[in-house]
Amino acid sequence: MSRDPKHFLTDIFGYPDFRGQQEDIIRHILAKRDALVLMPTGGGKSLCYQIPALCLDGVAVVISPLIALMQNQVDALQQLGIAAAALNSSLSGEEQGDVKRALLAGDLKLLYIAPERLFANGFMDLLAQCQISLFAIDEAHCVSQWGHDFRPEYLKLAVLHEHFPNIPRLALTATADTPTEKDIIERLGLQYGEIFRAGFDRPNICYRLTDKVGGVSQLLSFIEAEHSENAGIVYCMSRKKVEQVAAKIAATGRIALPYHAGLAAEVRRKTQSRFLKEDGVIIVATIAFGMGIDKPDVRFVAHMDLPKNMEAYYQETGRAGRDGLPADAWLAFGLQDVAKLKSLMHNPDKSQQQQKLDRAKLDSLLQFCESALCRRHMLLKYFGEDPPMSCNNCDNCLSPPALFDATEAAQMAFSTIYRTGEMFGAGHIIDILLGADTDKIRKFGHETFKTYGLGTAFSRADWQSIFRQLLALGLINVDTEGYGGLSLNETCRPVLKGEEKLQLKKLTVSQKTKKQKTMSSAIFTSKAEEVLFALLKSTRLALAKQQNVPPYVIFHDKTLVEMAQLKPQTLNAFGELSGVGASKKEKYGTHFLEIIENSDA
Ligand code: ADP
Ligand code: ZN
């Protein structure tokens, strides 16, 4: 029967099976009931309303806050042969008229709109004349002030229910902690709906953290060794650093574009568009970049500075690997980063309570960074799940860090900090421990100290790693006036007195883990397959350019990977590939079959 959700999944979308709770959610909507869906990025939220939209009579109205994202979704649906349109300010008056006419004529299955549009002149009346199948409220966390992206227009969405009491509503989001979740339910009036909660895990992302020893050069070798052709995002804290890092990556011959709030809107728009429409572009950005980037084949997200807290880390790294193929979350951090974030915690403009919360959040992040436990375990635990102790897809699982007895080293550090009056930064304290001959040491007579030159068993980089860990563990403090002066914390006492032993991680000079493979070599069994994959990619890019759509709207990488591996010979076999539905089979089948046939893979 043509109204069966499964039929649409296989015939239109070309996927063999539903994922996770998709089918339950779809059936729930088909039963005309409301729902809230909490699913991680890349979990497959869109299908949860797109398939009901096809099953039911009338048009599904999708409310989405971002125009760029809307257009992508519409492009993708049109590729599948589905009548979808968006109504937003980027269209001309005439184009808007066309969409409205199609809407009234009942020709649309999905209509994407921004929330403000819903309440603009007479739009509700227009909707009242249409047969509506469902309302989907995407990025539903925008309704909550607790969320990171509050949008006042979202508050008004509660009236949908009053105007259209019998139309099911589906609210979807990837980010909702408990207060946000409560807020969404309350403000959208979803009390009688069901909540579908998928776990936070992103199993295809490999989490890797490394000591920052060489700054940008570490990043460059990571990119060159593992992502020499892949698209990725590099996050930096400041605009200046964004520009510098982008220039250094570009100097290696890659396309690396800076993105931050200081650039003109037009430049940013172009950069974003190139990222979507070209293959292998690297964006170097402040956190201003990411919201509304729906690119499924971002193969790595790198952090050159520590993110603000665990939520930010999860969200930023979550932009990697939406398509489910292997992806990396890579982060380099050093003593300076920890000291800086710690010293920023004192902010008289914030309430005591807010400052306390900020400190607690930073501590969680630092514990995550310094821990020798499975990263995924810690991350999921932070979000309230009960994950297994190891994942085999993070640095700590793949190559467990070596620990060493740092009791004596810590005692030397504590004693030097104490004797110098708890006012000097780590650089000077390390100079003393290494027995350096500096003006500052002579000026203060610090060469007469017992610990002067006592720490030469360690290198400067080792000491930096030790001080970073002491700081992150809260055994020492850094001043909040910004001079970087270190002082002792009460908690250092047992170690200082020799009552407790202290284990620290050895400096990891190499960022290598056992997973030093590029995605292609991990996936393909022969060079010929890799070559075919590259060929298929360039074919896809050419087709995408012709139609002015992002390449992944034509086929996802996953489909091209299957194509290169299975090398279908017939149109029917081509139609069996994941991500190939009836429309794409007809549009692109012959063209791609020819490429496959002519290759020697
Ligand atoms: P989200 O909105 O939750 O971030 P999307 O809806 O964009 O995720 O889906 C992520 C990716 O997973 C998309 O490329 C989508 O086509 C794919 N996908 C979704 N559902 C399935 C499925 N049942 N089988 C295979 N791929 C799927
Ligand atoms: Zn792990």
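## Domains

## How to read the numbers

Residues are numbered from 1 along each chain as its sequence is written. Because the model is predicted, local features need pLDDT of at least 70, and side-chain atom pairs count only at pLDDT 80 or more, while totals for chains, interfaces and linings use all residues.

## The seven-strand sheet

Let's start with the open sheet ordered E3-E4-E2-E5-E6-E1-E7, where seven strands pair in parallel. Strands here are DSSP runs (E, at least two residues), and helices are runs of H or I with at least four, numbered from the N terminus. Two strands pair if DSSP finds at least two bridges between them. Strand E3 (84-87) and strand E7 (194-197) sit at the edges with a single partner strand each, so one side of each has no neighbour in the sheet. From one strand to the next, the twist averages 20°.

Look inside the sheet and you'll find four bridges joining strand E2 (residues 59-63) to strand E4 (residues 110-113). Ile63 has Ile113 as its bridge partner in E4.

## The six-strand sheet

Another open sheet has six strands in the order E8-E13-E12-E9-E11-E10, again with parallel pairing. Its edges are strand E8 (205-211) and strand E10 (256-259); each has a single partner strand, so one side of each is left without a neighbour in the sheet. Here the twist averages 15° from one strand to the next.

E8 runs parallel to strand E13 (residues 327-333), with seven bridges between them. One of the residues involved is Leu209, whose bridge partner in E13 is Leu331.

## Buried residues

Phe275 belongs to helix H13 (residues 265-277). Its relative accessibility is 0%, so Phe275 counts as buried (under 20% relative accessible area; exposed is over 50%, partly exposed in between, with a 1.4 Å probe and protein chains only).

Now for the largest nonpolar core, which has 70 residues, with Phe467 and Leu470 making the most contacts inside it. At least three of its residues come from each of domain 2 (205-398) and domain 3 (403-505). A core like this is a set of buried Ala, Val, Leu, Ile, Met, Phe, Trp, Tyr and Cys residues joined through side-chain atoms within 4.5 Å.

Technical notes: Chains lettered and ligands numbered in written order. Heavy atoms only, no water. Domains from an automatic or database assignment. Axes fitted to C-alpha atoms, helices over the stretch in contact; angles between N-to-C directions.
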